[in-house]
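Work through the following exercises with the structure at hand. Each task is followed by a solution in steps.

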Amino acid sequence: MTTMESLIGLVNRIQRACTVLGDYGGGTGDNAFNSLWEALPTVAVVGGQVISPSSGKSSVLESIVGRDFLPRGSGIVTRRPLVLQLHKTEEGTEEYAEFLHLPKRKFIDFALVRKEIQDETDRITGKSKQISPVPIHLSIFSPNVVNLTLIDLPGLTKVAVEGQPETIVEDIESMVRTYVDKPNCIILAISPANQDIATSDAIKLAKEVDPTGERTFGVLTKLDLMDKGTNALEVLEGRSYKLQHPWVGIVNRSQADINRNADMMLARRKEREYFDTSPDYGHLASKMGSEYLAKLLSKHLESVIRSRIPSILSLINKSIEELERELDRLGKPVAVDAGAQLYTILEMCRAFDKIFKEHLDGGRPGGDRIYGVFDNQLPAALKKLPFDRHLSLQSVKRIVSEADGYQPHLIAPEQGYRRLIEGALGYFRGPAEASVDAVSSLCLERACKEVNCRNSVELALAANTSLEKFREESKKSVIRLVEMESAYLTAEFFRKLPQEMERPAVANSKNQAASPSPAAQDLYGDGHFRRIASNVSAYVSMVSDTLRNTIPKACVYCQVRQAKLALLNYFYSQISKREGKQLGLLLDEDPALMGRRLECAQRLELYKKARDEIDAVAWVR
C-alpha cells in the first residue's frame, strides 16, 4: 500500500470510528468527535436537481465506486446526506457494504444497498418529498475503489414540487452550505455539459463559498448527450470558467444501460473508449473519466491531509488530555456475590496486566519511551558529566600532589591516577540512578493509565509498591556496576599507553655537570600533567562506553522484566484475604458512571491509536 493510500485510509478509519463512537450526525453527538470529523478533509458532491437535465450526481458516484447502488427516480431522490466511505481492499477480496445503523450486517447484494438507502431515508422523512439533515453512513469495501470519503448531498433545486414545503429551495441550500462552508471540505461541483455552465447551480454555490476556487473540482457530465457539432472544450480547458484544479469530463451510463443493469466495469471501459476515440476530447483522454477523477481526488486529499496534520494532531492531543482528565475524575470500575466480585477484580487485574505487558513489549505505545531513556537520555547525561573540570590542569595538579603526600612520585603517579579515576567514576552514579528513576517513572505512568477499575487506588498503590521495590533493586545493581569499575581498574589499559621513562642525564665531559634530560625537566611540568589528564580521560571514556551498555541491561533485568513477571503479585496476595463485604466496597458504582467511563475509554483508545497511526505514516515519503 502506498503512503497516499495509507494516509487517506487512515483518515477514513478515523472518520468511521468517529461515526461509531461519536454518533456524528451533522452536528449531533459528541462535540469533540464532531470537531475531529470536521478537522478531517472530506469531499462534498454538489449538483443541481431540476426536472431536465439533472447533473448526474448519482451516476458519477456509481462510476467512482464501480457499483450500481443509489436510488433513482425523478425529482429529488437524495433527501438525506449520504456519507459514503470507500475502503480499498486487497485484490481478489469480496466487495461488500456496511451501514452505520446496521453495524453487524454485511451487504453483498448492492441492490439491497439501494433498497436500504431508500428505506432508511423514508424512516426519517417518510414517503414524501421532505428532506432531512441527518446523514446516512455507508461504507463500501472493494478492491476497485480508492480510499475516499464522499458526501452525497441533496441536489440544489429552483422550485418546490407538490408535497414539499415552500422553503425547500432555501432548506436544501442551507443544508448543502453546512458542509461546503467548512474550510476542510473539498467541493465536487457537478454540472451537465448540455446545460450552459453560467446557469450551473453547483458552480454558482461553489463560487460563493470558495471564490478562489482552491477547494473546488469541476466535473462535466453527459458530454455524449450534447447537440451534434458542439463540444465542451471551452469549459474543460478552463477558458469558459477557470478553476484552480482542472475540469474533468465524465460519460455516464445511458438510461438504457441503467435499465438493463449494465455492468459498471464495462461502463468504465466504454467511457475510456469514448475519450480515446473522440475527435473533440482525444487530446484530453488521459485526464478524463471517472477513474481519473477518483485518482485526482485521492491525490489532492493526500496533500490536504499532509497540510492539516499539525492541526489534526493538536486537536487529538487536546482531546486526549480532556478525556484523561475526565477518566481521572470518574475514577475506575464493578459485580454481586463475593466469588463474582473476586473474579471481576482478578479479571480486571489480568486485563490490566496484559495491556501493561503489551505496552512494554511493543504491542502498544510505551516500550519505545523506555528505549528512549537508554538511547537518548542516558548517552546525553553521560556527555554532560563535568570531566573537563575534574581533569583540568589545576585539578590534576592538586589531586596528584595530594596523593603524593610529602614524597613526590618518581615516574608515574599511580596514586594520583587512581584518585583521579575514582573521582571521575563517581560522576557516573548520577546518570545511572537517573536512568533507573526514568524507567520506573515510565512504568508507573503506564500502569496508572491502564488501571480501569474502581479499586484503582489500591491497584495503583500495589503497582507503585512493586515498581518502587524493583526500582530500589535496580538502583543497587547500577550502583554496583559503577562501584565495580572503581574497585578494580583495568591495568592492561595503562600497560598499552606510552610509558614515561626517565632518560639518564647527559654529560659533555668529565669536568662538565650532567644536564637533565627533557623528560626529567618535564616531570613536574604542565605537559606531564596534561598527559596524565589525557590518559585518565581515555580510561574514563572506555568505562563510559561500558556503562552505557550495562546500565540498560540492569534496568531491564531488575525493572522491566520484573514488572512483566510480578507486578501484581503482592496485590493478588492481599486481595485473596478479603471477604465479601470488603470486596463489595471496591465494586459499587452507578451504571451510568460505568457506561460513561467505558465510552471515554473507547474514545481515548481511538484518539491514541489515531495519533500513533498518524505518526507512523504521516512523514513517510
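**Exercise 1. Find the contacts of N252, leaving aside neighbours within four places in sequence, and decide whether N252 is buried or exposed.**

Step 1. With contact taken as heavy atoms within 4.5 Å, N252 touches G56, S59, V60, S63, T221 and D224.
Step 2. N252 is located in the loop between β9 (248-249) and α8 (255-259). Helices (H or I, at least four residues) and strands (E, at least two) are DSSP runs, numbered from the N terminus.
Step 3. The relative accessibility of N252 is 11%, so N252 counts as buried; the cut-offs are under 20% relative accessible area for buried, over 50% for exposed and partly exposed in between, with a 1.4 Å probe and protein chains only.

This is a predicted model, in which local features need pLDDT of at least 70 and side-chain atom pairs count only at pLDDT 80 or more, while totals for chains, interfaces and linings use all residues. Residues are numbered from 1 along each chain as its sequence is written, and side-chain values use heavy atoms, with hydrogens and water left out.

**Exercise 2. Determine how helix α3 (residues 57-65) and helix α10 (residues 290-330) cross.**

Step 1. The axes of α3 and α10 come within 8 Å, and their crossing angle is roughly 80°.
Step 2. Therefore α3 and α10 are roughly perpendicular to each other; the classes are under 35 degrees for roughly parallel, over 145 for roughly antiparallel, 65 to 115 for roughly perpendicular, and oblique for the rest.
Step 3. V60, S63 and I64 of α3 make the contact with S290, L293 and A294 of α10.

**Exercise 3. Check the span of α20 and locate its bend.**

Step 1. The expected span of a helix is 1.5 Å times one less than its number of residues.

**Exercise 4. Repeat the check for helix α12 (residues 367-383) and list its buried residues.**

Step 1. The 17 residues of α12 should span 24 Å, and the end C-alpha atoms are 24 Å apart, in agreement.
Step 2. A bend of about 35° occurs in α12 at V373.
Step 3. V373 is among the buried residues of α12, together with G367, I370, G372, F374, L378, P379 and L382.

Notes:
Bend = angle between axes of the 7 residues up to and from the residue. Axes fitted to C-alpha atoms, helices over the stretch in contact; angles between N-to-C directions.
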